[in-house]
Amino acid sequence: MNDSANGSGQGTRQGHRKRRGEHLMVPRAEFESYYGRPIIKAPSWGARDIAGYFFLGGLAGAGSVLAAGAQLTGRRSTATAMKVSSLATVALSAAALVHDLGVPSRFPNMLRVLKPTSPMSVGSWLLAGYAPAAGAAAVTAVTGRLPRAGAAATTVAALLGPAVASYTAVLAADTAVPAWHGAHRELPYVFAASATAAAAGMALVLGPVTESAPARCAALLAAAAEVTATEAAEKRLGMVAETYREGRAGTLLRAARLLTATGAAGGLLLGHRSRPAAVASGLALLAGSACTRFGIFAAGVASAEDPKYTVVPQRPDEPPDEG
């Protein structure tokens, strides 16, 4: 009886193991959508226009902050150069946005109502307030006239600059695009750090070597902050982070890291000694920031087009969810 019981118990345990093993041996999860179409609509924004808008707007906003700092510390040549740079880049940024909208009248139409819950509405009002301030700051710096008005405009542009540099990240994260929405907490920090690196690069290119110390320090801090924020974003994204590492986006973002690190290191080590080295470092920082914006844009498009990142996987042996 004991043998029988033992045999029965052993057989039961083996049966449990077998069934348990069979339960774990399930078919691979499949990611499919109806008729092979994407679950969500990929962004209709043009990469050249909107990614360029992200980059140029960030450069303008962060540049105004550096211009105000340069003015406060007596670095007048750098201050003037950065004010002119911010005016030029915000104008190009607005032109890229209007070009993507297709109809120029759409931009002023967005100013008819201020909707605090809409990043697009808030961003339009930010640009409408920032651009005139940046323009006044640049004109007064170049002409030397109305210094008090110029100082006030410089202050306003510097106060609005951080929001101008980072609100585009909020705009992107407010969409359903997995690579953007999933990183909604970290993306503004990535954009702000990238914009700071670009502005520091512009200061190295345009400003005299004797006034470059703050820009070189800003570049180093921005490069470190961008790496930290990007890694945090990829950690939060989980599987969707593949879009940041593969394909066109992966190539651009790897180039961005290399260029930004090279520019920051070159500026720190050689930027105070050699004008050509400062310019080369600045150009690397600018190129790195541009690659960051275009890479993140490409990652968003890839994540929207692949059903793997937009559907919940379902095993073939499970009944369809009718909830």
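Leu220 is found in helix 9 (residues 213-237), where helices (H or I, at least four residues) and strands (E, at least two) are DSSP runs numbered from the N terminus. The structure is a predicted model, in which local features need pLDDT of at least 70 and side-chain atom pairs count only at pLDDT 80 or more, while totals for chains, interfaces and linings use all residues. Residues are numbered from 1 along each chain as its sequence is written, and side-chain values use heavy atoms, with hydrogens and water left out.

With a relative accessible area of 39%, Leu220 is partly exposed, because buried means under 20% relative accessible area, exposed means over 50%, and partly exposed covers the values in between (1.4 Å probe, protein chains only). Together with Leu268, Leu269 and Leu270, Leu220 makes a nonpolar surface patch of about 340 Å². Patches are made of residues with over 30% relative accessible area and no salt bridge, with like charges joined within 9 Å and nonpolar side chains (Val, Leu, Ile, Met, Phe, Trp, Tyr) within 5 Å. Helix 11 (residues 247-270) contributes the largest share of this patch, 3 residues.

The overall picture is helical. The protein has 12 helices and 0 strands, and along the sequence its pattern reads α-α-α-α-α-α-α-α-α-α-α-α. Of its 323 residues, 45% count as buried. The accessible surface of the protein comes to about 17000 Å², and 62% of this belongs to carbon and sulfur atoms; such areas come from the Shrake-Rupley method with a 1.4 Å probe, and for residues only the protein chains shown count as cover. Among contacts (heavy atoms within 4.5 Å) between residues at least 6 apart in sequence, 77% join residues at least 24 apart.

The structure holds 3 aromatic pairs. Rings of Phe, Tyr and Trp (its six-membered ring) pair if their centres lie within 6.5 Å; planes under 30 degrees apart count as stacked, over 60 as edge-to-face and the rest as tilted. One of the pairs is formed by Phe54 and Phe191, whose ring centres are 5.7 Å apart and whose planes stand at 55 degrees, so this pair is tilted. The two residues belong to distant parts of the chain, with Phe54 in helix 2 (residues 47-72) and Phe191 in helix 8 (residues 187-206), 137 residues apart. Phe54 and Phe191 are both buried.

A further pair brings together Trp180 and Phe297, with ring centres 5.7 Å apart and planes at 45 degrees, so it is tilted as well. Here too distant parts of the chain are linked: Trp180 lies in helix 7 (residues 178-181) and Phe297 in helix 12 (residues 275-305), 117 residues apart. Trp180 counts as buried at 1% relative accessibility, and Phe297 counts as buried at 5%.

Tyr53, Phe54 and Phe191 form one aromatic cluster.

Turning to charged pairs, the structure holds 2 salt bridges, each defined as a side-chain nitrogen of Lys or Arg within 4 Å of a carboxyl oxygen of Asp or Glu. Glu186 forms a salt bridge with Arg236, and their closest N and O atoms are 2.8 Å apart. This pair links the loop between helix 7 and helix 8, which holds Glu186, to helix 9, which holds Arg236, across 50 residues. Glu186 counts as buried at 11% relative accessibility, whereas Arg236 is partly exposed at 38%. Glu234 forms a salt bridge with Arg245, with the closest N and O atoms 3.5 Å apart. Glu234 lies in helix 9 and Arg245 in helix 10 (residues 242-245), 11 residues apart. Glu234 is buried, with a relative accessible area of 12%, while Arg245 is partly exposed, with 45%.

Finally, Thr154 lies in helix 6 (residues 147-173) and is buried, with a relative accessible area of 4%. Leaving aside neighbours within four places in sequence, Thr154 is in contact with Ala68, Gln71, Lys83 and Ala137. The C-alpha atoms of Thr154 and Gly69 are separated by 9.9 Å, although these residues are 85 apart along the chain.
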